[in-house]
Amino acid sequence: MIISIASGKGGTGKTTVAVNLAALAAEIYGGEKRGVFYADCDVEEPDGHLFLKPDIEDSTKAHTLIPKVDPDKCTLCGKCAEACRFNALLVTRKNVIVFDELCHGCGTCKIVCGDDAVSEREREIGVIDEGKAGAGGSGRINYVAGVLNVGEHMSPPLIKIVRERIESAAKGDDIVFIDASPGTSCPVIEAVRDTDYVVLVTEPTPFGLNDLKLAVGMVETLGLPFGIVINRYQDDERGRELLEYMEDKKLTVLAEIPLRRSIAEIISRGGLLIDEDMEMKNLFRELLNRVILYRGDQYDEI
Ligand code: SF4
Ligand code: SF4
């Protein structure tokens, strides 16, 4: 089962939810009954490692494929530039210019070039870190994180590689938690697409509500089942406004993590809530119950 954790905006506590769910699942299943995987797909700013403290066993460079045009075969017909949705090609009277940073590596130009003038070359975009993590060095969580190169903005290909790595390693009953990047643009869609359940994390602020609406629109368009975790919840005007929106839309509220200084302190020193706060551990157990055995419209207890 693949569970993605996303949010319409940064700073809502998405990673807090993702790492605590992964750590709790590892504690319950021991990594034996069911393997537990955590994939940090927030590749521009991966911070799951601050909480899970993995032992990195392998760090490999990640590449995307971009076109290389053979000037001896190219007839300057312009078909490739016409077909490129990302404006990454410019056909001049003398040559074809490839704007590496704009290329999504989709391969369309190679397909449309009837003159066989396009081949592919690798472009390094980041690093994939792989290792083991888990409370007390138990190594029960299989950890994979994409780290985008500084200055690089083409994150979807790196996210795709992270997902391919983790999905090829995970077997039928294993549980994969995908920590997506914030927002509702291409990187998030690459992270959450085809997942079995999406946990949307929000907070009771005007920006939080606005960006939650965008995130809800995104997952509804993708046709994915989802529920919502409200972080830093308190029973005030903002909190009630958020709940009213969810009630109006008949959305599922999975959990409310309260606004509390002790919670902020645990997070600020890189601790896991499930290790240091029994109330939070119970809350995450309930949350895990609701998402992990989601089947259609049914929830079962662990
Ligand atoms: S489609 Fe092929 S032949 Fe035509 S301009 Fe592009 S690379 Fe050159
Ligand atoms: S691989 Fe795709 S994005 Fe890149 S230049 Fe070719 S058509 Fe454009």
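In this predicted model, strand β2, which spans residues 36-40, runs parallel to strand β7 and is joined to β7 by five bridges. One of the contacts in this pairing involves D40, whose bridge partner in β7 is A145. Strand β7 itself covers residues 141-148, and because seven of its eight residues are buried, β7 is largely enclosed by the rest of the structure.

A search of the whole structure finds one aromatic pair. Its members are Y38 and Y143, whose ring centres lie 5.9 Å apart with the planes at 20 degrees, and since planes under 30 degrees apart count as stacked, the pair is stacked. Because Y38 belongs to strand β2 and Y143 to strand β7, the pair ties together parts that are 105 residues apart in sequence. Both tyrosines fall below the 20% cut-off for buried residues: Y38 is buried with a relative accessible area of 0%, and Y143 counts as buried at 4% relative accessibility.

Elsewhere, attention turns to ligand 2. The space taken by ligand 2 is the second largest cavity, and the residues surrounding ligand 2 include P67, C84 and F86, together with A88 and L89 and the residues C103, H104, G105, C106, G107, T108 and C109. By class, this shell divides into eight nonpolar and four polar residues, with no charged residue among them.

Technical notes: Residues numbered from 1 in each chain as written. Chains lettered and ligands numbered in written order. Predicted model: local features only at pLDDT ≥ 70, side-chain atom pairs only at ≥ 80, totals over all residues. Heavy atoms only, no water. Buried < 20%, exposed > 50% of the residue type's maximum accessible area, 1.4 Å probe, protein only. Helix = DSSP H or I, 4+ residues; strand = E, 2+ residues; numbered from the N terminus. Pairing = 2+ DSSP bridges. Near = heavy atom within 4 Å. 1 Å grid on protein atoms, 1.4 Å probe; cavity = no way out; pocket = protein on both sides within 12 Å on 5 of 7 lines; lining within 4 Å. Sits in = over half its atoms within 2 Å of the grid points. Nonpolar A, V, L, I, M, F, W, Y, C, P; charged D, E, K, R; others polar. Phe/Tyr/Trp six-rings, centres within 6.5 Å; stacked < 30°, edge-to-face > 60°.
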